[in-house]
Amino acid sequence: MGQSLESREAKAPDNKLGLRVFELLVTLPTISLIAVLFARDPSGDAWLILWAITIAAVEIMPVPAWHGLQVSVGFPLLMVVAFVYAPPAAAITAFAGASDPREFKGEVSLLRAMFNRSQVALSVLAASAVFHALADLKQSPTWVLVPAALLAAIVDYVINSGIVTIAVSLNTGMHPYRVIRDLRVGKLSEFLISYLGLAFFGLFLAKFYEELGFWTVPVFVIPLLLARQMFFRSKALEEAHKELQDREQLLRALSNRMAEER
């Protein structure tokens, strides 16, 4: 459930310049770091190409969120790669798979596309490093794997949301606190449960992948599509609730005005 940035609203020149500088500060070091780490430890296999393709297929169906943000439901697949492979290989796969349909429509600049891919790759790199530092997918017992996977997911979320928060704040001039509050989809409790649930699902899928191979993955893509619909429903309900509140406030104001006129 990673998040990427793209807003079509007009911004002040200073905000645009600050955003571009921030995008460069994230993109260039991230790509360089991943390249150096992978050169030192090129652990991986040919299946990573299929992982990147599968992740890209899921990523092209993001959930529209707030101020042009896109919320992806490919998060469990990214976590599988983070749990199964070494951090550098996982990060490269995430970078390649973090596609955005707006890239093909020319709606996203090259720098923005590289920035979105880099922040996803950096999040996966950190999550994978945390998981492998705490557990071994093949040898660790369940009581070790589950906390390690959840902690890795939290690290991924913190880095992903932190980078996106700064970018949106620069892009819109909004206070970072408001951005953080509005990044989530639906109620905070529901969002956290869903996010950690998807992380647990990623661990479950990783174990199946280790036992049965890549051909089990397509079976698990269906629940991800269902999760996408769940987020759409949650977003629609939240918007409907807000609209009802706005109407209620308007009616109350009109009622008070009519009472004063009498």
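V158 is exposed, with a relative accessible area of 51%, where exposed means over 50%, buried under 20% and partly exposed in between, using a 1.4 Å probe and protein chains only. The model is a predicted one, in which local features need pLDDT of at least 70 and side-chain atom pairs count only at pLDDT 80 or more, while totals for chains, interfaces and linings use all residues. Residues are numbered from 1 along each chain as its sequence is written, and side-chain values use heavy atoms, with hydrogens and water left out.

**Around V158**
- V158 lies in helix 7, which spans residues 142–172; helices are DSSP runs (H or I, at least four residues) numbered from the N terminus.

- T30, which lies in helix 1 (residues 13–40), counts as buried because its relative accessibility is 5%.
- Leaving aside neighbours within four places in sequence, T30 is in contact (heavy atoms within 4.5 Å) with S118 and L122.
- The C-alpha atoms of T30 and Q119 are separated by 7.8 Å, although these residues are 89 residues apart along the chain.

**Aromatic pairs**
- The structure holds 4 aromatic pairs, meaning rings of Phe, Tyr and Trp (its six-membered ring) with centres within 6.5 Å, called stacked if the planes are under 30 degrees apart, edge-to-face if over 60 and tilted for the rest.
- The rings of F204 and F208 have centres 4.7 Å apart and planes at 50 degrees, so this pair is tilted.
- Both F204 and F208 lie in helix 9 (residues 188–212), 4 residues apart, or about one turn of the helix.
- F204 is partly exposed at 38% relative accessible area, and F208 is also partly exposed, at 32%.

Terms used
Helices (H or I, at least four residues) and strands (E, at least two) are DSSP runs, numbered from the N terminus.
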